[in-house]
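Visitor: Let us go through this model by question and answer. Please keep it brisk.

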Amino acid sequence: TFSELVRISGLSHGTDVWLNNAQELIQSGTTTLSHAICCRDDIMLYLINQGVDPGHSFKIMESVRKGKGLKPEDEEAMKAAGVPEWYLESCRRIKYMFPKAHAVAYVTMAFRIAYCKVHHPEAFYIAYFSVRADDFDASIMANGITVARQAMEDLLEKKKNNTISPKEENLIPILEICIEMYARGINFVKVDLYKSHATDFIQTPDGILPPLNALPGMGENAAKSIMEERKKGAFKTREELRIRTGITKTAMEILELNRCLDGMPETDQVTLFDLM
């Protein structure tokens, strides 16, 4: 239920709320998810319901959620109200607790994202990859599920051998989503010199079109320069593309490597061979 998701969010964001605490209590059958201490509000509301003075209940909650535990007078009031010993011990172990409103905000957003992912998958993946565009590698991810899976296997092997770089490790969760997307029947189309946006992913009838800066090594400024210049007319030659956009030789090589310049001549010079 939504309420249970909120409680799980509280457990996962606290310190010594789940580990070394509620986890053991739930696994042993001492309590359940619905009755364990998950968010700081749980303490105050439970104590008030048990008959502890509301003002004192609030002070106990504040002490526990800050990791200060229980004072002797707190324990006395709780025991007098019939609070079980496991509950007191749970309060003693807690170091930090999430406010319930914060957990609700997290779960509400997660629920919205999940709904979008299920019912509007193209929009979800476009938003996801746009947010993580700095780590997106179109040369791998836009070439089909087989290439993506092989890249994932290679990265996991590197991680296992402790030879993976931070940038490569950042690719792993993005590749997971990419493989999932392909498995759901949604595809990428190759980066296009004229159709791709500089920085945004675009939905097309054939699939999701990655931006120019999704090409590994293609900077945002170079991508934006290409997008601005192409508005003024097509690039007749590679030389004209380089001069008009001011992009580097490296950027030109990236475009060529990813077949964005196929069919475009190097220059507009006419050779004697052309005249024969």
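Visitor: Which helix gives the most to the nonpolar patch?

Guide: This is a predicted model, where local features need pLDDT of at least 70, side-chain atom pairs count only at pLDDT 80 or more, and totals for chains, interfaces and linings use all residues. Residues are numbered from 1 along each chain as its sequence is written, and side-chain values use heavy atoms, without hydrogens and water. Two helices (DSSP runs of H or I, at least four residues, numbered from the N terminus) each supply at least two patch residues: H1 (2-13) and H7 (100-119). The top contributor, with 3 residues, is H1.

Visitor: What accessible area do the residues of the nonpolar patch have together?

Guide: Nonpolar side chains (Val, Leu, Ile, Met, Phe, Trp, Tyr) are joined within 5 Å, like charges within 9 Å. Areas come from the Shrake-Rupley method with a 1.4 Å probe, and for residues only the protein chains shown count as cover. Phe2, Leu5, Ile8, Val104 and Phe111 together have about 430 Å².

Visitor: How many disulfides does the structure hold?

Guide: A disulfide needs two cysteine sulfur atoms within 2.5 Å. The sulfur of cysteine 116 is 18 Å from its closest cysteine sulfur, in cysteine 178, so that pair is too far for a bond. From cysteine 178 the closest cysteine sulfur is in cysteine 260, 17 Å away, also too far. The number of disulfides is 0.

Technical notes
Patch = residues over 30% accessible without salt bridge, like charges linked within 9 Å, V, L, I, M, F, W, Y side chains within 5 Å. Salt bridge = Lys/Arg side-chain N within 4 Å of Asp/Glu carboxyl O.
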